[in-house]
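Visitor: I would like a close look at a single part of this model, namely its open spaces and the ligand site, together with the elements that surround them. Please take me through it in one connected account, with the cut-offs behind each term.

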Amino acid sequence: MRYTTAGESHGPGLVAIVSDVPAGIVLDRTAIDADLARRQRGYGRGGRMAIESDRAEVLGGVRFGRTLGGPVSLLVKNRDAANWAVAMDPWGHAEGVDPVTAPRPGHADLGGVQRTGSTDVRDILERASARETAARVAAGAVAKAFLRELGVSVRSWVERIGDASTGPFSPAGVDATAVDESDVSCPDPTVAARMREAIEGAREAGESLGGVFVVAAEGLVPGVGGYAEAAGRLDARLAGAVMSIPAIKGVEFGDGFAVGSRPGSQVHDEIVSDRSGRLHRATNRSGGIDGGMTTGEPLVLRAVMKPIPTLMRPLKTIDIATGEIVDAARERSDVCAVPAAAVVAEAEVALVLADAYQDLLGRAAMIDITRSLAAYRERIGW
Ligand code: EPS
């Protein structure tokens with residue numbers, strides 16, 4: 001399973017095409033829209049989210065609530081497009097439309113105009129905008145539905161916003177309802193209050209704030225991914241997918257960077273046998289991946305998001321039309337989008353896991369994939 005997207009932030013909409021989708025996945029339209037709504041929410045979101053009310057429309061690949069085995073195409077419309085009809089007209093012309101010429105430090109703006117030869121930063125920012133991640137979330141909902149049928153769930157929570165942090169939680173210690181009910185997706189209400197204060201402080205200062213979130217996948221069987229070829233290794237695939245989300249600057253698994261300062265005996269997870277003879281790990285410091293494959297323990301991926309580069313009190317930049325020192329472009333922005341990025345990362349993780357499960361169990365039909373999973377579990381006693 002893999003996806004591509006098309007569309008601009010203020011064009012008619014975003015399209016996701018998910019290909020290599022097995023036939024027979026039961027899709028729940030409300031689950032897709034619920035994830036889109038989760039991506040939109042979060043304390044610290046900006047004016048755009050008040051305009052949009054994202055829904056996924058199926059353009060192909062689904063009949064009577066089940067995937068057909070062809071590509072699944074999903075459309076998320078941009079309500080805001082109505083306000084940009086002239087500036088974004090595919091067949092119009094540039095006269096009368098002011099170009100954006102003040103590239104924002106930290107955004108794709110400058111590299112994008114250098115790369116493409118455009119003289120209008122809008123040509124770049126329309127596609128580089130994190131609005132595109134709405135389409136990723138719609139695509140990820142197909143992968144989540146596939147995984148759900150194989151007993152795998154993917155969720156996330158926010159661990160840090162600015163200097164307010166819960167410290168590490170294990171997935172078992174995180175109450176999913178508490179995360180759902182929190183407007184910063186934080187499992188600890190006391191820390192959540194500090195996160196909101198930090199966001200308010202940033203808003204007043206014309207600043208933006210980043211943070212750290214965790215994505216966890218549970219119900220995995222061991223051996224998903226691969227050890228034999230670089231392209232098969234699950235941690236590499238997951239890290240690449242999560243790093244493809246705008247503003248993500250780092251990814252770690254389990255104890256991550258902290259293992260660099262510890263001896264091996266305090267890093268690796270002992271293999272133990274339970275009463276039924278099932279081989280599992282006594283601890284989960286690895287974050288559920290050893291040797292490029294799942295261990296069967298929960299997958300724990302942590303990622304850091306930088307503060308959004310669109311600042312209401314902007315940094316200095318150079319105007320690409322005049323060469324003068326000016327303030328960077330700003331229209332509106334989110335003060336903090338860490339809870340939203342966590343939902344996007346769930347989608348990316350689900351898409352990678354779905355593809356890796358297909359490598360192990362088959363690619364064409366759910367009826368055969370579920371049978372393969374039962375046979376695999378039987379063989380390894382899991
Ligand atoms: C976003 C939509 C964008 C921004 C934000 C995320 O909408 P607009 O450009 O119309 O304000 O709100 O993206 C950024 C701030 C960015 O720098 O990319 C969304 O749908 O998540």
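Guide: What follows goes from the pockets to the cavity, then to the ligand, and ends with the sheet.

The model is a predicted one, in which local features need pLDDT of at least 70 and side-chain atom pairs count only at pLDDT 80 or more, while totals for chains, interfaces and linings use all residues. Residues are numbered from 1 along each chain as its sequence is written, and side-chain values use heavy atoms, with hydrogens and water left out.

A pocket, on a 1 Å grid over the protein atoms alone, is an open set of points with protein on both sides within 12 Å along at least five of seven lines; a cavity is a set of points where a 1.4 Å probe fits but cannot get out, and lining residues have an atom within 4 Å of a point. Grid points are joined across faces, edges and corners, and a volume is the space filled by probe spheres set on the points. Helices (H or I, at least four residues) and strands (E, at least two) are DSSP runs, numbered from the N terminus.

The largest pocket holds about 940 Å³ of space, and among the 41 residues that line it, Arg104, His107, Ser129, Ala130 and Thr310 lie nearest its centre. At least two lining residues each come from helix H2 (48–51), helix H4 (122–128), strand E10 and helix H9 (338–361). By class, this lining comprises 19 nonpolar, ten polar and twelve charged residues, where Ala, Val, Leu, Ile, Met, Phe, Trp, Tyr, Cys and Pro count as nonpolar, Asp, Glu, Lys and Arg as charged, and the others, Gly among them, as polar.

Helix H9 also supplies at least two residues to the lining of the second largest pocket, as do H1 (29–40), H5 (133–149), E7 and H6 (176–181). That pocket has a volume of about 540 Å³, and its 29 lining residues include Asp35, Arg38, Lys144, Val154 and Glu346, which lie nearest its centre.

The structure has one cavity of 30 Å³ or more. Arg104 belongs to the lining of this cavity too, along with Pro105, Pro309, Leu311, Pro314, Leu315, Ala328 and Ala329; seven of the lining residues are nonpolar, none is polar and one is charged.

Turning to the ligand, 16 residues are around it, of which His10, Arg39, Arg48, His107 and Arg332 come nearest; a residue counts here if one of its heavy atoms lies within 4 Å of the molecule. An oxygen atom of the ligand lies 2.6 Å from a polar side-chain atom of His10. For Arg48, the distance from a polar side-chain atom to a ligand oxygen is 2.8 Å, and an N or O atom in the side chain of Arg332 is 2.7 Å from an oxygen atom of the ligand.

Strand E10, named above for the largest pocket, belongs to an open antiparallel sheet of five strands in the order E8-E7-E9-E15-E10. Strands E8 (164–165) and E10 (248–253) are at the edges with a single partner strand each, so one side of each has no neighbour in the sheet; two strands pair if DSSP finds at least two bridges between them. E10 is joined to E15 (residues 299–305) by five bridges, with Ile248 facing Met305 as its bridge partner. Five of the six residues of E10 are buried, so the strand is largely enclosed by the rest of the structure, buried meaning under 20% relative accessible area (1.4 Å probe, protein chains only).

Note on methods: Buried means under 20% relative accessible area, exposed over 50%, partly exposed in between (1.4 Å probe, protein chains only). A polar contact is a pair of N or O atoms within 3.5 Å; within protein, one must be able to donate a hydrogen and the other to accept it, and residues adjacent in sequence count only if both atoms are side-chain atoms.
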